Amino acid sequence: MNKYVVRQPIKDKEGNLFGYEILFQEEKGSGLYNQTDYAAADSISNFLAQNNEKVFNDKTTFMTFTPNLLFKNTPKIFKQNDLVIQIEDNVIVHPLATTLIQRFRREGYMFAINDFQFAPRYFGLMEYLDYIKLDFGKNEEVSLENTVKLAKNFKKVCIAYGIENQKQYDLAVNLGVDYFQGQYVAEKVETKANKTDYLQSNFFQLVVEVTKDEPDVEIIEEIISRDASLTYGLLKMVNSVYFALRNRTSSIRQALVTLGLGQLKQWIYLLSFKGDKDFGSEDVLKRSFLRASFASELMEYNNTLPMSKNEAYLMGMFSTMGSLIDATLEEIFEDIPVSEEIKQALVYHKGPCSLLLDLILCYERADWQNITNYADMLGIPTNMIAQTYFNCVEEVNRIWQTIQDTEEDEELAKVVQEKTEELLDEEMDDLGDIDDIDVDDDIGDIDDIDVDDDMDDDIDIM
């Protein structure tokens with residue numbers, strides 16, 4: 001597919017992930033959403049049909065649809081609860097706009113409008129809208145304030161997008177916007193970890209070891225064995241239905257053999273989130289893993305950079321450290337055992353390795369022109385980038401879901417254990433009630449019976 005496709009996170013003001021927006025762009029020219037030909041719509045429809053499971057996970061997904069995509073019923077590829085249909089001016093000015101929107105509304109789809117304008121054609125569609133999105137990158141403060149007030153009066157949810165710095169973010173918060181989107185938002189972490197704590201954590205040491213070209217299994221086993229959370233998580237994972245083992249294993253070494261170092265490299269970063277939640281939010285950790293996988297997979301198309309696929313993986317993973325750790329990039333990477341070329345890329349965005357890192361960062365920002373420039377310099381086929389990206393997204397989602405499933409299993413097991421303990425307690429209480437019966441008193445009651453009197457009575461009756 002000769003188009004770029006990327007997703008951007010949408011968060012609330014606490015930094016919790018609310019959903020994603022899927023962005024499409026032409027490889028060349030002015031972009032998909034300025035195109036009027038059906039060929040572009042066909043290409044997008046085909047891509048979505050082939051990748052719908054990769055596009056969506058458990059979060060709400062926003063996607064902009066042109067009139068052509070709506071006429072082709074492209075939204076129906078997806079479930080109503082998964083998708084918010086975004087529309088722009090090219091839909092609103094269409095003579096059949098109201099008819100199209102009403103049709104999808106009747107079928108249960110939600111709608112958002114990009115960059116709301118004070119014009120009659122926008123007000124005419126207000127009743128069908130659930131979300132109003134505002135571009136904080138180009139609109140004036142007065143205009144933004146008026147639009148937010150209007151949206152609140154109509155009880156619409158406001159999403160600020162194009163937020164690239166603290167000033168724009170603070171303005172959106174002060175205006176009472178509900179959700180936020182932009183590169184600044186994607187990288188924003190409410191609490192950063194202490195550098196020393198992070199670098200000394202079992203999680204960090206394990207990541208460094210498993211991404212070496214020749215990992216030492218004994219060192220990996222030793223690191224995992226000293227961390228109860230990692231040990232439990234590894235054994236729980238390997239003994240899960242996913243691996244379908246005939247016999248359960250309780251050995252860390254056997255678990256590593258079963259999993260394999262290749263899969264361990266992928267699993268361990270997300271698995272660590274369960275034990276080290278102070279080291280970043282779910283979204284940041286998943287983005288770290290996505291960058292790592294994306295960098296490693298793109299290396300399949302390049303043999304000129306002075307780093308291996310494993311080193312590219314490490315570069316992508318560590319590229320979020322500036323968001324995670326309370327220290328300068330220079331201070332962070334002075335103690336991290338990576339090559340000088342990777343350090344130059346991560347800290348200064350210099351050197352040949354920085355070309356791959358900057359390609360990935362441009363892809364996240366939907367910087368379409370620079371994506372093509374970097375891809376050309378690296379010799380990476382532009383028609384492979386979108387599919388590679390969403391293959392990596394699918395892998396991250398699959399692994400994360402498996403981890404969530406193991407957590408649910410743990411919760412279920414905990415509930416079962418608690419219920420079992422309650423039942424045992426009740427049974428013990430019942431036994432206690434039996435013990436309280438005064439056997440001696442009952443025997444005494446029997447002794448009190450006047451046998452002679454009864455016998456006399458019997459004689460009299462006779």
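## Overall fold

The secondary structure of the protein comes to 24 helices and eight strands. Helices (H or I, at least four residues) and strands (E, at least two) are DSSP runs, numbered from the N terminus. Of the 462 residues, 49% count as buried. Buried means under 20% relative accessible area, exposed over 50%, and partly exposed in between (1.4 Å probe, protein chains only). Among contacts with a separation of 6 or more, 62% come from residues 24 or more positions apart. Contact means heavy atoms within 4.5 Å.

The model is predicted: local features need pLDDT of at least 70, side-chain atom pairs count only at pLDDT 80 or more, and totals for chains, interfaces and linings use all residues. Residues are numbered from 1 along each chain as its sequence is written, and side-chain values use heavy atoms, with hydrogens and water left out.

## Aromatic pairs

Rings of Phe, Tyr and Trp (its six-membered ring) pair if their centres lie within 6.5 Å; planes under 30 degrees apart count as stacked, over 60 as edge-to-face and the rest as tilted. By this rule the count comes to 18 aromatic pairs. Why is the pair of F289 and Y313 edge-to-face? The planes of the two rings stand at 65°, so the pair falls in that class, with centres 6.4 Å apart. This pair links distant parts of the chain: F289 is in helix α15 (residues 282-298), Y313 is in helix α16 (residues 309-318), and they are 24 residues apart. F289 is buried, at 0% relative accessibility. Y313 is buried too, at 2%.

F294 and Y363 form another edge-to-face pair, 5.6 Å centre to centre with 70° between the planes. F294 lies in helix α15 and Y363 in helix α20 (residues 353-365), so the pair ties together parts that are 69 residues apart in sequence. F294 has a relative accessible area of 2%, so this residue counts as buried. Y363 is buried at 1%. Both belong to one aromatic cluster, formed by Y4, F294, Y363, W368, Y389 and F390.

## Charges over rings

A charge sits over a ring if NZ of Lys or CZ of Arg is within 6 Å of the ring centre and within 35 degrees of the ring normal. R7 meets this rule with Y20: its charged end sits 3.9 Å from the ring centre.

## Salt bridges

A salt bridge is a side-chain nitrogen of Lys or Arg within 4 Å of a carboxyl oxygen of Asp or Glu. The structure holds 11 salt bridges. K133 forms one with E21, with the closest N and O atoms 2.7 Å apart. K133 lies in strand β6 (residues 131-135) and E21 in strand β2 (residues 17-26), so the pair ties together parts that are 112 residues apart in sequence. K133 is buried, with a relative accessible area of 0%. E21 is buried at 5%.

D115 and K138 also meet in a salt bridge, at 3.2 Å from N to O. D115 sits in the loop between β5 (110-114) and α5 (120-123), K138 in the loop between β6 and α6 (141-153), and the two are 23 residues apart.

R291 and E364 meet in a salt bridge of 2.7 Å, N to O. R291 is in helix α15 and E364 in helix α20, 73 residues apart. Both are buried. Salt bridges that share partners join E187, R291 and E364 into one network.

## Helix α6

α6 has 13 residues and reaches 18 Å from its first C-alpha to its last. That is close to the expected 18 Å (1.5 Å times one less than the number of residues). Its buried residues are L144, T147, V148, L150 and A151. They cover an arc of only 160° around the axis, which puts them on the same side of α6. The arc is that of the directions from the helix axis to the C-beta atoms. An α-helix has 3.6 residues a turn, so residues three or four places apart point the same way.

The buried residues of α6 pack against α5, β6, β7 (157-161) and α7 (166-175). The face turned away from the buried side carries the exposed residues V142 and N153. After α6 comes K155, whose phi is positive, near 60°.
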